[in-house]
Amino acid sequence: MLLSVITLLPLAFALVMLVLPEKVIRPVALLLAVVEFAVSLLLLTSFDKASPAIQLVEQIPWVPEMGISYFLGIDGLSLWLVILTTFLTPIVVLGSWTAIDNRIKGFHAALFVLQTSMIGSFLAMDAVLFYVFFELSLVPMYFMVGIWGGQRRIYATVKFFIYTMAGSLMMLLAIIYLMFACRDTFGQMSASLLDFYRLKIPFVAGEFLNPQTLLFFAFSLAFAIKVPMFPVHTWLPDAHVEAPTPGSVILAGVMLKMGSYGFLRFVLPMFAEASQYYAWLFLFLGVVGIIYGALVAMVQPDIKKLIAYSSVSHMGYVMIGLFSLNMYGVSGSLYQMLNHGISTGALFLLIGMIYERTHNREIAKYGGLAKALPIYTIIFIIVTMSSIAVPMTNGFIGEFMILLGTFEASRPFAIAAVTGVVLGAVYMLWMVKRVFFGPAGELVRDEHHPLHDLNARELTVMAPLVVLIFWMGLNPNFFLDYSKASLDHFVKNRDNYRLAVSPAQPKLENVAVRGEAQ
Amino acid sequence: MMSNQILFAILLLAPFVGFMFNGIRWKSHNATLAGVVATFAVFVSFVCSLLLVSQLFGANAVPSVGTRFFEWMNVGGLQVQAGFVIDHISAIMVLVVTGVGTLIHMFSIGYMSHDERPSKYFAYLNFFLFNMLLLILGENLLLMFVGWEGVGLCSYLLIGFWFTDSEKAAAGMKAFITNRIGDAGFLLGIFTLFFLFGTVNFSEIIARLPAGGIEMGWTGPMTVACLFLFVGATGKSAQIPLYVWLPDAMAGPTPVSALIHAATMVTAGVYMIVRLNPLFLMAPNALHVVAVVGAATAFFAATIGLTQWDIKKILAYSTVSQLGYMFLACGVGAFGAGLFHVMTHAFFKALMFLGSGSVIHAMHEEQDVRKMGGLRKYLPITHATFFIGWLAIIGIPPFAGFFSKDEILWQTASSPLGHKALWVVGVLTAGITSFYMTRLMCLTFWGKSRVPKETHPHEAPPVMWIPLAVLAVLSTVGGWIGIPKVMLGGEDNWLERWFHHVIAPVPEALGHAVHSHALEWAAMGVSLSFAVIMACLAYTFYVSNPSLPGRLAQKFHGTYRLIYNKYFVDEFYFARIINPLIDASKGLWAYVDVNFIDRTTYVLGDVVRGVGSTAKSFQTGNLQQYAMYIAVGLAVTMFLILR
């Protein structure tokens, strides 16, 4: 029950939002989001971290003729991503307290629908169910950017929508193919991931037109767009710049991870040979993404766009970690997904806070902010340190493990990727220097609108993020321990990946269903 | 053992507590309270270090004391403990860092008394010390790296302490980024070692070194690892080609320059190599690189020091140059001498930086030596202590610098890893050092006063001159633990016995050291007399005949301009690396993102739309047309089946 509750509770909350009067929307939304977070923390107690099996499984037939079921389960790969989602939502609600000032009913309803769809994507163990959640997430995000976004919001939403849809359609075709492949192999259609893992999909090395390679690329394209990987990343900067702060936080914090999680859950274990064979391509694109994202971030005149491009760079790390296909790299990637959610989420929140004060994001118009807003500056610099992976912050743990894993997989790529360590410091510190240091800039000098430092609400928004930055940096074992069994199992048995179900369930009602169908 | 754990905890956490204390009340203007707390915190660390180090002495001496607090990271085969260790190598460092650190904190109480944000300053300074202790005491490469980046961060914050000045903020950024280049190399070194030995722990790495497996080539894994690590060292310890950040780092408050950019942090690279000395001895080619880079840096930085006018810049280039000596020592396999020089240099360079701080303080923030001169009269204590520092750095016996520098030069000449050419460079550098330091003394303290009339220099308060006095004593006696064998009648000095277990001798396979007392005396005589001659020369130039340097500069105009502008290295980096990179990035953004990828997707979009509208034209709603499609379709299908 727990997983369904966690998944569907926000959907119920969305309905609550629609019937409540405007006045109480914000506090109630905050309360409900915190409740959801508290419920999701129950996962930590019910989850058996020693087992790599998928746990707390729930399965109800949905379209039995085609083997589609409402099938939820959790393991070490998805646990922290779910909690990241429930953790960020109340922060976003509180963070958008004053930034979102019109149609707050619809906004919070959209936010909760989005939450359901994101959690659902992480928990779905049925490919069709996953697809539904994966696509569902586009709708509220579409409205979020389209209604509460900036000036070019329509351009940005359409671009975002079309890019993602183009990828997802490929994935849908691939899922249908796999469902039929299940019928051919096991005698019955199935959309269960557990059955997909058991399929032996023919692979011919070096040729493009064979089932595994095609399926590999179909899924990869969908997820690579979501991540986003170079060269299909260009929707991201536009979407981020136009999105309202909460939209950016959710987008960078969680939605991008749906892509990298997709690689972890679908691509790498299902198409083991193809992913091994084409690993170099993804290492290459990942490294290009790291360097390219950093270089382009460096020359952005807009702070938010700079952070958006830094996401391309950071997610490049996640990708090379995944495709290093060893324990260090994959653990590091999972960790980096969480880090990126926290540090980039925090950066977008901080940028939102200053934007609310000055209504401008142009770096050149700032300068000397450190003197005007000291507390804001301290927090910004802490988050910057996390973003550029200074030890004792979370960023270091992820980046170190990813680079270690990449080094084991391929030294040339690791050496190329290490340049990102330098470039990351370059674009962030250069921005910090121009925005915070030096003499007071145009916006900071403005006598008529003296800037106020962070208020209690804003500090409350940032505090949990700062705590996590250090907690994850100083005691990574706490977080890694929950994922270790699953990741170990993943890395060691990827060629012949099977996931057990715990507690063991009688294998699928499908057998009975099939009997009827015939 | 329990008590050791507590001692380690206090040793590490005292500065951290100081950091928190001052960090929380960072707005306070009470420099005395902030300073006293911060100084006391470091002093507590110093006492704890003494208690721990004392266990390495005496009848019940242990080879090392250590403790482990918790497991920091555990992934796959990588297990990293938050463990700390004091052995004969880290003992010297920890005492120097906490000892000299205490003195510099104390000096800062006076120096920062009029600053706007003294609490913030002391918070940073304590946080720096905390990180430095992690760097020194960490039992594995990863903890060292934590401290390594941590001190870089503090250095960044402290260089840019007066951040409203754009130039100072830029200097901080430059320091961090240049260091990061080194750090990237350090990381690669850690990776190489981890996959080679399956551990990042220092003692385990050393235990797992292949016996007699010296790598003679360039591509062996140990050589590669050592070279990667050395890249890290060139960043942190300001060696060619990454030294450029250190002179700019003088933008920070002067005690910071003394603590971070002279006495402690910048020696981290040397310390790391000494820590891993048995590994480096397995990779002689890497050591050759270390030696050559060290010697070259020592020489080049010294020549730049000849022409600078800013008192702190002169000292900064001198630091770069002295660091070069330390690497030269490591490179010829004289790790003990390298660490010895780290220690003596910490004494005399901290002394001189603090002295320059005292001068700058007295001169109301003036740093240009052309506006000084004759300050001996106004600042007798500062002058006296600075004088001792000067004797130490130019290597006059029995002051500290003589012993460590002489040891390095003799090892350079005699070690099987050494070379005559390196020795010549070393001696030349010693002469140049003697020249520019004497020049500094003349321009600042001696000769005629050029102090502007409105400035009234005054001697520093006791809280500032007491640290100077202590450091002056240390700069005098600090070298006596390493008196050359020849002077002791062939007996090993204390330092050699101290390092006996932890510093490996150069393997026999690499050749034999030269043993000749006559040669050693001769070498010593040559370098000493050269230094003295250069000092006298500088005195004539800048006191007896002050118009001479200007005329020389006129005569050798080109060379002078080249050296005065620091060989245009910064300009070269900007013109050839940084600006092209920025331009290229703008190009990438404009052409790849906006023009290529987006255009392509628009074209794809158009194609889709085109296909869609073509397809749309088939759906006319005309029944006869549909019938025709069916007929055609059937015909084609029939053809395919019956073919």
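Modeller: Start with the contact itself. This is a predicted model. In it, 44 residues of domain 1 of chain A are in contact with 46 residues of domain 2 of chain A.

Biologist: Which elements give two or more residues to the side of domain 1 of chain A that touches domain 2 of chain A?

Modeller: Look at four places in chain A: helix H3 (79-95), helix H8 (193-198), helix H10 (235-242) and helix H11 (245-270). The largest share comes from H11(A), with 13 residues.

Biologist: How do the residues of that side of domain 1 of chain A divide into nonpolar, polar and charged?

Modeller: On the side of domain 1 of chain A that touches domain 2 of chain A, 30 are nonpolar, 10 are polar and four are charged.

Biologist: Where do the two domains of chain A lie in the numbering?

Modeller: The assignment puts domain 1 of chain A at 1-270 and domain 2 of chain A at 278-498. Their centres, taken over C-alpha atoms, are 22 Å apart.

Biologist: How is the size of an interface often given?

Modeller: Often as the accessible area lost when the parts come together. Here we counted residues in contact instead: 44 from domain 1 of chain A and 46 from domain 2 of chain A.

Biologist: Now chain B. How many helices and strands does chain B have?

Modeller: Chain B has 25 helices and two strands. Its C-alpha atoms fill a box of roughly 115 × 65 × 55 Å along the principal axes.

Biologist: What percentage of the residues of chain B count as buried?

Modeller: Of 643 residues in chain B, 54% are buried. Next, take the contacts in chain B with a separation of 6 or more: 80% of them join residues 24 or more positions apart.

How values were computed
Residues numbered from 1 in each chain as written. Chains lettered and ligands numbered in written order. Predicted model: local features only at pLDDT ≥ 70, side-chain atom pairs only at ≥ 80, totals over all residues. Buried ≥ 20, exposed ≤ 12 C-beta atoms within 10 Å, placed from the backbone. Contact = placed C-beta atoms within 7 Å. Domains from an automatic or database assignment. Nonpolar A, V, L, I, M, F, W, Y, C, P; charged D, E, K, R; others polar.
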